[in-house]
Amino acid sequence: TDAKPRAAGTVGIRVQGIERDYEGFKALAGIDLQIHPGELVALLGPSGSGKTTLLRIIAGLEFATEGSVFFGAEDATHLSVQQRRVGFVFQHYALFKHLTVADNIAYGLKVRPRRERPPAAAIKRRVEELIDLVQLNDLGRRYPAQLSGGQRQRVALARALAVEPRVLLLDEPFGALDAKVRKDLRRWLREIHDRTGHTTIFVTHDQDEALELADRVAILSNGRLEQVGTPDEVYENPASPFVLSFLGDTARLPVEVRDDKVFLAGEALDVAVPPGTGPGKHDIYLRPNELTLTEAGTGVPGIIASVRRTVNGRRAEVRVAFSDKLIELDVPPGADLNVSDRIGLKVQQARLFPSG
Ligand code: ATP
């Protein structure tokens, strides 16, 4: 059972067989995606992969060439943006410059037709609640120009929530902010989501942001869904070399498959051979933390090509002796490594993909 709160009226979304052509160019192809009520899903992919197009089709800002969009059980494919009742936040906050924070948040409620508009006192109360929710206390009377970028995005979210949307759609909402503010806002958004429980779709090209924030991640490449899964699933079991390398640094090394075993430079590795993989030459894929150093003369021979500092410690670039390939590995703390040192490499873990 799910103890999380769920916003009243929020619905799940189902996207079925979506295609989007732009004069012969396929921006989206064969997209099927189901998002559960109250779920936070990140659409993740490189620039041009189709994230924004998919979000805009879900919003009703753009129409698909083929396929359907359901909001709950309702076929929303031909509904307008207004009829869909979605809340938006874009990368470039479109706040009204001439309105205060409080009036920006109240805007969507104040412009409703008279018979749907809450009384002024109720709007005021709702705005106060939202200012409190997004932690903008004391800033209600300020104008957008008097706020930081991060504060403006908090206002934009409060404004989107004010109208009690059925779903919340966020297009790179923190994309224009610096790394530290982004990180803070990411946690903050997750907290808000956990308190309000709106079905939320979040577009980002930032892997860390998607993995940290989302219940599930939908990874797009060239207009196609490569994989949909929880952050753990996509990280631990990437469906393709694309997903693996998009989620972080990856090296590829040539191996040989014989008798259902994988050999790297003559050494048998502890790597599973996917069903249907024939004997012969293939590639394995591994992450920098899946390789460890051993003494020269053991493991796969290599030569240190460079050593550099990273956020998490140090990383070495190693030229693999037998293939002349450069691969990266994380350097153990305290290791004394110098360029041109001969070393051995031990593969702790690696992946072989069915087609690879
Ligand atoms: P980014 O992270 O750079 O915003 P994205 O993943 O959101 O990228 P989209 O904006 O959805 O990608 O674009 C997907 C593809 O469709 C791109 O190749 C883009 O050039 C193309 N495209 C988008 N809109 C149009 C349009 N109106 N006319 C023609 N091509 C378009």
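**Close-up 1. The shell around the ligand and the contribution of α1.** Helix α1 (51-59) gives the most to the shell around the ligand, with 3 residues. This is a predicted model, in which local features need pLDDT of at least 70 and side-chain atom pairs count only at pLDDT 80 or more, while totals for chains, interfaces and linings use all residues. Residues are numbered from 1 along each chain as its sequence is written. Helices (H or I, at least four residues) and strands (E, at least two) are DSSP runs, numbered from the N terminus. β2 (25-35) and α1 each supply at least two residues of the shell. The ligand is surrounded by Tyr-22, Phe-25, Ala-27, Gly-45, Ser-47, Gly-48, Ser-49, Gly-50, Lys-51, Thr-52, Thr-53 and His-205; a residue is near a molecule if its C-beta atom, placed from the backbone, lies within 6 Å of it. By class, the shell holds 3 nonpolar, 8 polar and 1 charged residue, where Ala, Val, Leu, Ile, Met, Phe, Trp, Tyr, Cys and Pro count as nonpolar, Asp, Glu, Lys and Arg as charged, and the others, Gly among them, as polar.

**Close-up 2. Burial of helix α1.** Because 7 of the 9 residues of α1 are buried, the helix is largely enclosed by the rest of the structure. A residue is buried if 20 or more other C-beta atoms lie within 10 Å of its own, exposed if 12 or fewer, and partly exposed in between, with C-beta atoms placed from the backbone. Lys-51, Thr-52, Thr-53, Leu-54, Leu-55, Ile-57 and Ile-58 are the buried residues of α1. Gly-60, just after the helix, takes a positive phi of about 90°. In the chain, buried residues make up 37% of the 356 residues.

Close-up 3. Helix α4 (residues 120-133) has 14 residues and reaches 20 Å from its first C-alpha to its last, close to the 20 Å expected at 1.5 Å a residue; the expected span is 1.5 Å times one less than the number of residues. Its buried residues are Val-127, Leu-130 and Ile-131. They cover an arc of only 100° around the axis, which puts them on the same side of α4; the arc is that of the directions from the helix axis to the C-beta atoms. On the face turned away from this buried side, α4 carries the exposed residues Ala-121, Ala-122, Arg-125 and Asp-132.

**Close-up 4. The open sheet of 6 strands.** The strand order is β6-β7-β8-β3-β9-β10, with mixed pairing; two strands pair if DSSP finds at least two bridges between them. At the edges lie β6 (86-89) and β10 (224-229), each of which pairs on one side only. The twist averages 20° from one strand to the next, with axes as lines fitted to C-alpha atoms, for helices over the stretch in contact, and angles running from 0 to 180 degrees between N-to-C directions. Strand β9 (residues 216-221) pairs with β10 in the antiparallel sense over 5 bridges. Val-217 stands opposite Gly-229 in β10.

Close-up 5. Strands β16 (residues 300-310) and β17 (residues 313-320) run antiparallel and are joined by 8 bridges. They form a hairpin with 2 residues between them, and Ser-306 stands opposite Glu-317 in β17. β17 also pairs with strand β18 (residues 326-331), in the antiparallel sense over 6 bridges. Here Arg-314 stands opposite Val-331 in β18. The hairpin of β17 and β18 has 5 residues between the strands, and Asp-324 in the turn has a positive phi of about 65°.
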